[in-house]
Amino acid sequence: MMRNDPIKHVFIWPAVLVVLAISIFPLIYSLTTSFLSYRLIPPIPPRVVWLGNYATLLQEPRFWSALFTTTLIAFIAVGLQYAIGFGVALALNARVPGERLFRVALLLPMLLAPVAVALVARMIFNPTMGPLNQFLAKFGLANLPFLTNGHWALACIIAVEVWQWTPFIILMMLAGLQTLPEDVYEAAELENASAWQQFWGITFPMMLPISAAVVFIRLIESYKIMDTVFVMTGGGPGVDTETLTLFAYQEGFKKFNLGYTSALSFLFLIAITIIGVTYLALLRPHLEKRR
Amino acid sequence: MSGQSLTGLSPWSRRLVAVGVLAWCLITVFPLYWVVVTAFKTPPGVVGGPTYLPFIDFTPTLQPFIDLYQGIRGEFFHTFLNSTIVGLSAAAIATAIGAMAAYALVRFEFKVRLGAGLVFFLLALGGYLLFNATLGLTRPQALLLAFPIALIAAVVANRLPLSGPILGNEDILFWFVSQRMFPPIVTAFALYLLYSEIGRLGFQLIDSFVGLTLCYVAFSLPIVVWLMRDFFEAIPIEVEEAAMVDNVPSWRIFIGIVVPMSMNGLLATFMITLAFVWNEFLFALFLTNSRWQTLPILVAGQNSQRGDEWWAISAAALVAIVPMMIMAGLLSRMMRSGLLLGAIK
């Protein structure tokens, strides 16, 4: 039942005002800046270049490389997170021994500061003094260039992302698994369906809507990745691990190229929107079929 | 709560599953153990290669923490206070006004004309360009002037019988939540420019408590509104209806009945917001430089300042991590009963 009472405005306006002021406001500001050629160092008075910044950016290989790196990190990391997270959630839901103990430990990483996690990762991935090196040395793989080789560095960043955010998937999937009706499984049991068949025939399809939502959230969040990369590699070696946010930070905060950075952040926004809309469009038929 | 037992599986695959979960658990816990242990090491304990067991591999010391407290590696104590103050106040304000908005969206009916939204956007943009170009105002002055004009015009336009689609509560909720989709760099950078130009007008926002808290409140609101809406929807309406029969005003229903009934939800939301603000890096990087610097910035800085002084780095990381570990313990108690379940549907 919906009430109608003038006091509703008192309830909703503070939040609306703050969000309008702090997010729409700067959006307009940077949208207009993105059409200017505007630098602070060296100081050049702003000049209208319309889509000039966007055109330069689209021809800039560094932009495409950053977009590619970010996409790679996001998709691989989220894919792994989903696979591991769903697996662990299934096991926990099936009352694996020691399940209570696991729950607290498994949730921890997602609440920790990414910068601190990245610092710890740097120590663990240290090629001479780190524990991982010691472990791999036993298999004859000593002194791997974890953070100094482009491919390895990317893999390490993905590993840290998976470590930190798989708990989120576990949490959400576990909550979802607990809502599944039991009688369907009992029926399947009577039909002598194997555990494998039960998973693909019942669990997976019924979990699809939750899976879609969780993966969507993680994907969008992963595209914003910055702190982990900033601390672990600083975008290096070269620009091999530079993500979009880091690229924008370098341009904006190191070079104070304001118009260019604003255009970059808008291209970023457009890219995220395209990915989000495509994702939802691809999944919609599957989701509706199940309902 | 259902949970199929593993009975359908053969004993061997059951063991395999248990081993798999145990392996993941070890992977999760090892880095945490490592950082705790390293923070108590002396320089020789680090440089000589990895050591794992205190009192056996190396002699633990409190020196790294004493160094931290004395401020040898940056103003840790001060920064810790900053993080705490900004985190607590941003989380409290966001939870309060976000809960109010969520309650309004659950219990009251809102109608916003799409036309009014367009009026707001066009007037804000047009007014800003106009004031900036013709009146010779600076950019923030023009924005600050255009904003209220656009807002008032939009409110008036909403009363007029304009044609066009009407947006309801679901759309307003979607608008709130969609703020979370924006890459924060878009706002962080613009906010930095805006803050610094407002600073030139004589009101300092960069590196200030107000500026940073305001920004965090705005960026926590989407989550708060989203989570709290589900908690409020779960409250049986009959209680509120009974109060309404007795002519209790809405604000007293909210404070006296709804808030106490959803205390768990409010607390969980508060803690999630606190964790988000505590760990946030990008906005703090742009909007602070010394006085109101937060922990993540200082912790990130340790890296370049001190090459391989791992004992110091670990101690610094621990300071940033431990409060959230304690909170995770508290939060996991509330997580039973599928607390977050509603949020994902």
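B:Pro140 is buried, with 21 other C-beta atoms within 10 Å, where buried is the word for a residue that has 20 or more other C-beta atoms, placed from the backbone, within 10 Å of its own. The model is predicted, so local features need pLDDT of at least 70 and side-chain atom pairs count only at pLDDT 80 or more, while totals for chains, interfaces and linings use all residues. Residues are numbered from 1 along each chain as its sequence is written, and chains are lettered from A in the order in which they are written.

**Around B:Pro140**

- B:Pro140 belongs to helix α6 (residues 139–159) of chain B, a helix being a DSSP run of H or I with at least four residues, numbered from the N terminus.
- Once residues up to four places away in sequence are set aside, B:Pro140 touches B:Leu194, B:Glu197, B:Ile198 and B:Leu201; contact here requires C-beta atoms, placed from the backbone, that lie within 7 Å.
- Between B:Pro140 and B:Thr294 there are 26 Å in space, C-alpha to C-alpha, and the two are 154 residues apart in sequence.

**Helix α8 of chain B**

- The 17 residues of helix α8 (residues 184–200) of chain B should span 24 Å, and the end C-alpha atoms are 24 Å apart, which agrees; the expected span is 1.5 Å times one less than the number of residues.
- Because twelve of its 17 residues are buried, α8(B) is largely enclosed by the rest of the structure.
- The buried residues of α8(B) include B:Pro184, B:Phe189, B:Leu194 and B:Tyr195.
- Just after α8(B), B:Gly202 has a positive phi of about 105 degrees.

**Domains of chain B**

- The domain assignment, which is automatic or from a database, divides chain B into domain 1 (86–109 + 179–306 + 319–345) and domain 2 (111–167).
- The centres of domain 1 and domain 2 of chain B, taken over C-alpha atoms, are separated by 28 Å.
- Contacts between these domains of chain B involve five residues of domain 1 and four residues of domain 2.

**Nonpolar cores**

- The largest nonpolar core has 163 residues, of which A:Ala116, B:Val299 and B:Ala317 touch the most other members; such a core is a set of buried Ala, Val, Leu, Ile, Met, Phe, Trp, Tyr and Cys residues joined through C-beta atoms within 7 Å.
- Domain 1 and domain 2 of chain B both give residues to this core, so it lies between them.
- Apart from this core lies another, of 21 residues, with A:Val88 and A:Met173 among them.

How values were computed. Helices (H or I, at least four residues) and strands (E, at least two) are DSSP runs, numbered from the N terminus. Two residues are in contact if their C-beta atoms, placed from the backbone, lie within 7 Å.
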